[in-house]
Amino acid sequence: MASIAFVGLGVMGWPMARHLAAAGHDLRLYNRTAEKARRFAAAYGGRPAASPAEAAQGADALITCVGNDDDVSEVTTGPDGGFQALAPGALFIDHSTVSARLARTLAEGAPHLLCVDAPVSGGQAGAEAGQLAVMCGGSEAAVDAARPIIEAYGRRIVRIGPPGHGQMAKMANQIAIAGLVQGLSEAIHFALRAGLDTDALIDQIGKGAAQSWQMDNRAKTMVEGRFDFGFAVDLMRKDLGLVLEEARAVGASLPVAALVDQFYADVQKMDGGRNDTSSLIRRL
């Protein structure tokens with residue numbers, strides 16, 4: 001079993017760390033709110049640390065699951081960051097959703113480490129169930145070394161390419177979801193205005209070409225106006241910001257993603273920033 005410094009015990013990080021503890025790994029825990037690390041250790045084991053550097057001292061791997069580029073930089077290469085405490089050959093696995101530029105910068109700046117940018121898909125439910133899809137960027141050696149650890153909470157672990165490619169795969173995932181949720185919102189909006197039996201409609205078209213995870217899991221709750229199912233609009237806007245920045249860098253045209261990003265901005269103005277992403281229908 002590995003000695004793992006785990007940084008970031010949020011909505012996703014907590015259940016991921018719990019699966020690692022259940023698998024028998026030795027966890028050193030750091031969270032910005034120290035009490036959360038103490039609560040985790042009391043419930044599942046592990047040792048709280050005062051800083052990422054302390055958590056990473058002598059660890060086989062450093063895993064981060066935090067908010068944005070600045071957060072990842074702070075806990076890795078900041079004054080108390082974990083990189084300074086990792087020995088050559090140690091693993092760095094970042095499950096945050098951040099820019100591909102940062103993922104490449106970290107890997108290039110730490111050639112002595114095995115760096116994997118590994119954003120996930122599956123949301124809180126997938127993390128709780130240990131059924132996340134993990135998109136990995138990094139060398140083959142780094143991803144192969146990371147796989148036995150990630151298997152504690154990952155259902156499908158795929159190397160997409162070199163450093164940064166995991167993050168760009170997550171961007172492609174968010175592009176696809178954004179357009180799909182808007183289409184589903186418009187379909188339900190139309191059905192409600194037209195007076196259709198939405199239960200019958202969803203049951204029928206959900207078995208044909210219109211079927212999707214979003215339809216299976218969110219269509220009926222969208223009709224009911226319930227939007228408390230995990231991944232929030234605020235986080236989706238953060239992700240779409242990364243998408244549009246990378247699209248400009250690579251010369252990709254994303255008119256639908258850019259439009260849906262502005263639609264999510266409308267939802268934020270309706271005090272819907274903490275609603276889940278299916279709340280896109282609210283603006284209709």
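**Entry 1: the model.** I am working from a predicted model.

**Entry 2: counting cavities.** How many cavities of 30 Å³ or more are there in the whole structure? My search turned up three.

**Entry 3: the largest cavity.** I noted a volume of about 70 Å³ for the largest one. I then looked up its lining and listed Phe 92, Asp 94, Val 98, Leu 102, Ala 103, Leu 106, Ala 107, Cys 115, Val 116, Asp 117, Gly 137 and Pro 163. Strand 5 (91-94), helix 5 (100-109) and strand 6 (114-117) each contribute at least two of the lining residues. Which element gives the most? That is helix 5, with four residues. Sorted by class, the lining comes to nine nonpolar residues, one polar and two charged.

**Entry 4: the second largest cavity.** This one holds about 50 Å³ of space. Around it I found Leu 184, Ala 187, Ile 188, Thr 198, Leu 201, Ile 202, Ile 205, Met 215, Ala 219 and Val 223. Helix 8 (165-194), helix 9 (198-205) and helix 10 (213-224) each supply at least two residues of this lining. Helix 9 gives the most here, with four. I checked the classes too: nine nonpolar, one polar and no charged residues.

**Entry 5: helix 9 with helix 10.** Their axes come within 11 Å and cross at roughly 165 degrees. Helix 9 is therefore roughly antiparallel to helix 10. I logged the crossing as right-handed. From helix 9, Thr 198, Asp 199, Ile 202 and Ile 205 meet Met 215, Ala 219, Lys 220 and Val 223 of helix 10. I sorted these contact residues into five nonpolar, one polar and two charged. Looking back at the cavity list, I find Thr 198, Ile 202, Ile 205, Met 215, Ala 219 and Val 223 in the lining as well.

**Entry 6: helix 8 with helix 10.** At what angle do these two pack? I get about 45 degrees, with the axes 11 Å apart. The two helices are therefore oblique to each other. Their crossing is right-handed. On the helix 8 side, the contact uses Ile 177, Leu 180, Val 181, Leu 184, Ser 185, Ile 188 and Leu 192. On the helix 10 side, I have Gln 214, Met 215, Ala 219, Met 222 and Val 223. By class I wrote down 10 nonpolar, two polar and no charged residues.

**Entry 7: helix 8 with helix 11.** I finished with helix 11 (residues 233-250), whose axis comes within 9 Å of that of helix 8, crossing at roughly 115 degrees. That makes helix 8 roughly perpendicular to helix 11. Is the crossing left-handed or right-handed? I have it down as left-handed. Helix 8 brings Met 168, Lys 170, Met 171, Gln 174, Ile 175, Ile 177 and Ala 178 to the contact. Helix 11 answers with Met 236, Asp 239, Leu 240, Leu 242, Val 243 and Glu 246. The contact residues divide into nine nonpolar, one polar and three charged.

How values were computed. Residues numbered from 1 in each chain as written. Predicted model: local features only at pLDDT ≥ 70, side-chain atom pairs only at ≥ 80, totals over all residues. Heavy atoms only, no water. 1 Å grid on protein atoms, 1.4 Å probe; cavity = no way out; pocket = protein on both sides within 12 Å on 5 of 7 lines; lining within 4 Å. Points joined across faces, edges and corners; volume = space filled by probe spheres on them. Nonpolar A, V, L, I, M, F, W, Y, C, P; charged D, E, K, R; others polar. Axes fitted to C-alpha atoms, helices over the stretch in contact; angles between N-to-C directions. Parallel < 35°, antiparallel > 145°, perpendicular 65-115°, else oblique. Left-handed = near helix turned anticlockwise from the far one by under 90°. Contact = heavy atoms within 4.5 Å.
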